[in-house]
Amino acid sequence: MRQRGVWIAAYAFVVAAFLASVTRYYHPGLGFTAFIDFPAGTHSYEIPAVQNAPHFDNPASPGYDGVFYAQLAVEPLVRDAAIDRALDNPPYRARRILFSWTAYALGLGRPAWILQVYAIQNVVAWLLMAWLLCRWMRPSTPRAFVLWAGCLLSPGLLSSVRYALPDGPSALLVACALAAAEARRPVIAAAITGLAGLGRATSLFASSALATAFGRNWRSWLLVAGCALLCVLPLALWVDYLRSIYRADALSNPGQVTTPLSGLLWKLSLLRSEFARAPFALSTLASGLAVVGFLAQGVWVIRELVQSGGRSAWALAGASYLVLGLTTHAVVWEGTPGAFTRVLLPLAIAANILLGARPQASWGMIIAAN
């Protein structure tokens with residue numbers, strides 16, 4: 001009991017440290033809207049309702065994607081033509097609508113409140129993820145603590161919080177869906193996955209976990225087929241609505257999926273050049289370690305997929321995200337460490353959960369995967 005108390009305290013310390021860091025983004029009268037990272041230089045491009053709502057403008061930032069989704073939260077049905085001027089790619093951004101809707105609903109339709117809710121909902125998602133992960137990584141051992149903290153302090157999840165992006169909340173819904181799949185509740189898992197698809201279309205890769213419901217009778221096949229339809233239906237209906245506004249452009253894709261391995265090989269080539277030029281630069285080390293983490297996660301997920309005979313929900317979902325990672329365009333791998341840490345966040349969570357389920361997993365693999 002004493003040892004368990006120590007690890008509960010360690011978990012609590014991580015949560016407290018996270019909340020302490022969140023307070024740094026609070027500004028009196030403007031709340032936590034600094035998370036959205038509105039750039040001061042593009043204030044005139046914001047929709048009028050956002051221009052008139054109190055929010056933090058960062059004079060040192062060019063802005064980031066959260067700016068688009070925060071404005072969609074104020075205009076969640078994208079009927080106002082002003083929203084098109086505020087977004088870089090309106091049909092593409094509008095497909096990721098779920099967490100704009102939640103902000104609108106919780107903000108009671110008032111722009112000032114909507115921006116506050118949108119800015120803070122990633123923080124709430126992080127806290128809920130911390131609680132949910134205890135289902136697989138109970139506070140009782142050093143291994144569980146490292147794996148739990150590895151998920152929560154991963155660059156993908158933290159950058160989602162920092163820039164108010166849909167990746168963190170979407171990963172939370174994916175984790176909930178996979179918990180339902182493990183509990184042999186495929187319909188609930190499919191419903192949650194379909195909901196997550198409205199936040200980020202890549203969440204639908206988690207639907208591969210439905211394969212665990214396949215059996216030897218035709219009823220199980222019908223069940224899986226129905227669940228698959230339930231997964232894609234919410235996004236399909238929303239995209240059909242967007243087609244009434246944007247026509248063919250509603251299906252536009254910025255080309256983030258490309259020839260297998262081309263994006264990863266581009267990143268490795270870039271890292272090679274950066275290490276030759278400045279081997280001890282923090283940005284180079286961060287990017288290099290993130291790629292090592294991705295490769296280690298992929299290796300462990302495939303190992304577990306083979307050992308489970310394709311019956312592990314987390315291994316199936318993790319393998320699906322590994323395939324996604326291997327086919328993503330170089331644009332997803334750009335930056336320090338890169339957007340791939342957000343796009344492939346479910347892979348990182350899957351690998352850590354699977355590592356936690358194997359007491360014989362080496363500390364070397366645990367460290368490499370994180």
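This is a predicted model: local features need pLDDT of at least 70, side-chain atom pairs count only at pLDDT 80 or more; totals for chains, interfaces and linings use all residues.
Biologist: Why is helix 7 called roughly parallel to helix 10?

Modeller: Angles under 35 degrees count as roughly parallel, and the two axes cross at roughly 30°, so helix 7 is roughly parallel to helix 10. On the side of helix 7 the contact is made by N122, A125, L128, M129 and L132, and on the side of helix 10 by G168, P169, A171, L172, A175 and C176.

Biologist: How do the residues of that contact divide by class?

Modeller: The contact of helix 7 with helix 10 has 9 nonpolar residues, 2 polar ones and no charged ones.

Biologist: What makes helix 10 and helix 11 roughly antiparallel?

Modeller: Helix 10 (residues 167-182) packs against helix 11 (residues 186-199) at an angle of about 170°, with the axes 8 Å apart. Angles over 145 degrees count as roughly antiparallel, and therefore helix 10 is roughly antiparallel to helix 11. The crossing of helix 10 and helix 11 is left-handed.

Biologist: Which residues make the contact between helix 10 and helix 11?

Modeller: Helix 10 contributes S170, L173, C176, A177, A180 and A181, while helix 11 contributes I188, A189, I192, T193, L195, A196 and G199. Sorted by class, these are 10 nonpolar and 3 polar residues, with no charged residues.

Biologist: How many aromatic pairs does the model have, and why is the pair of F214 and W221 called tilted?

Modeller: The count comes to 16 aromatic pairs. In the pair of F214 and W221, the ring centres are 4.6 Å apart and the planes stand at 50°. Planes under 30 degrees apart count as stacked and those over 60 as edge-to-face, with the rest called tilted, so F214 and W221 form a tilted pair.

Biologist: What is the relative accessible area of each of these two residues?

Modeller: F214 has 31% relative accessibility and counts as partly exposed, whereas W221, at 52%, is exposed, the cut-off for exposed being over 50%.

Biologist: What makes the pair of W238 and Y241 stacked?

Modeller: The ring planes of W238 and Y241 are 20° apart, with 4.9 Å from centre to centre, and planes under 30 degrees apart count as stacked. W238 and Y241 are 3 residues apart in helix 12 (residues 218-246), so about one helical turn separates them. W238 is buried at 7% relative accessibility, and Y241 is partly exposed at 22%.

Biologist: Which residues form one aromatic cluster?

Modeller: W7, Y11, F145 and W148 form one aromatic cluster.

Biologist: What is the phi of D37, and how do you know whether D37 is buried or exposed?

Modeller: Most residues other than glycine have a negative phi. D37 is not a glycine, yet its phi is positive, about 65°. D37 lies in the loop between helix 1 (2-22) and strand 1 (38-39), and its relative accessible area of 4% makes it buried.

Biologist: Where is L108 found, and why is L108 called exposed?

Modeller: L108 is found in the loop between helix 6 (98-106) and helix 7, and its phi is also positive, near 55°. Exposed means over 50% relative accessible area, and L108 has 62%, so L108 is exposed.

Key
Residues are numbered from 1 along each chain as its sequence is written. Side-chain values use heavy atoms; hydrogens and water are left out. Axes are lines fitted to C-alpha atoms, for helices over the stretch in contact, and angles run from 0 to 180 degrees between N-to-C directions. Helices (H or I, at least four residues) and strands (E, at least two) are DSSP runs, numbered from the N terminus. Angles under 35 degrees count as roughly parallel, over 145 as roughly antiparallel, 65 to 115 as roughly perpendicular and the rest as oblique. A crossing is left-handed if the near helix is turned anticlockwise from the far one by less than a right angle, and right-handed if clockwise. Contact means heavy atoms within 4.5 Å. Ala, Val, Leu, Ile, Met, Phe, Trp, Tyr, Cys and Pro count as nonpolar, Asp, Glu, Lys and Arg as charged, and the others, Gly among them, as polar. Rings of Phe, Tyr and Trp (its six-membered ring) pair if their centres lie within 6.5 Å; planes under 30 degrees apart count as stacked, over 60 as edge-to-face and the rest as tilted. Buried means under 20% relative accessible area, exposed over 50%, partly exposed in between (1.4 Å probe, protein chains only).
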